[in-house]
Amino acid sequence: KRVYIVGCRVDVPEWSFAGAEFFDSIDTTLQLLKTPTAPLKSIVLKNDDKHVQAELNRRLAARAEAEHKASDDAEHDKDKDKDKAKKKDTAWKSEHMDICEQKGLSWSMEIPAALSSNAWFRTVPEREQEIIIWGMHEGVAWIDSSQKISRARPSRNPEVVGTLLPGSHLFNYELG
């Protein structure tokens with residue numbers, strides 16, 4: 001059961017309502033909140049949609065450019081930046097190792113065949129790939145790989161997704 005607390009600022013003329021109008025608007029809002037949600041599969045675009053394909057191509061190009069830049073940086077040996085990057089890599093890898101140890105998984109996790117052939121999986125950085133692999137071991141339907149592994153918001157129900165924020169990177173194991 002849910003409880004909704006609704007308030008109305010009466011000190012702002014544009015937001016204030018006359019008695020019956022206010023209660024009618026509350027009633028309309030509550031009716032909307034009670035409507036069933038649409039199945040996620042009816043909202044998510046299909047993989048062959050032109051917009052989905054354009055985003056996949058953009059991400060693949062960005063990943064290729066990042067890998068090229070990383071190889072160039074390795075050749076130029078930037079000591080300060082290299083030490084900073086090593087510390088950052090060590091922090092997330094250490095956390096991933098700890099989580100895997102708690103769950104009885106070996107680290108570094110091998111990429112399952114179902115993911116190695118997934119074009120979307122290949123577009124995400126190594127840290128996010130490990131979160132996605134971990135989610136697969138956990139048997140979830142969706143996971144937000146933008147968060148640290150300890151904060152990744154998984155959903156076991158394929159019809160339920162957590163709050164979507166602009167920086168969210170949702171991965172659906174059925175859709176890719």
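Here is a quick tour of this protein chain, from its overall layout down to a histidine and an aromatic pair. The model is predicted, so local features need pLDDT of at least 70 and side-chain atom pairs count only at pLDDT 80 or more, while totals for chains, interfaces and linings use all residues. Residues are numbered from 1 along each chain as its sequence is written, and side-chain values use heavy atoms, leaving out hydrogens and water.

**Overall layout**
- The chain has six helices and two strands, where helices (H or I, at least four residues) and strands (E, at least two) are DSSP runs numbered from the N terminus.
- Along the sequence, the pattern reads α-α-α-α-α-α-β-β.
- Of the 176 residues, 23% count as buried; buried means under 20% relative accessible area, exposed over 50%, and partly exposed in between (1.4 Å probe, protein chains only).

**Around His 169**
- You'll find His 169 in the loop between β1 (142-144) and β2 (170-172).
- His 169 counts as partly exposed because its relative accessibility is 31%.
- Leaving aside residues up to four places away in sequence, His 169 touches Glu 128, Ile 143, Asp 144, Ser 145 and Ser 146, with contact meaning heavy atoms within 4.5 Å.
- Ser 145 sits 24 residues from His 169 along the chain, yet their C-alpha atoms are separated by 5.5 Å.

**The aromatic pair**
- The structure holds one aromatic pair: Phe 171 and Tyr 173, edge-to-face, at 5.3 Å centre to centre with 70° between the planes.
- Rings of Phe, Tyr and Trp (its six-membered ring) pair if their centres lie within 6.5 Å; planes under 30 degrees apart count as stacked, over 60 as edge-to-face and the rest as tilted.
- Phe 171 counts as buried because its relative accessibility is 5%.
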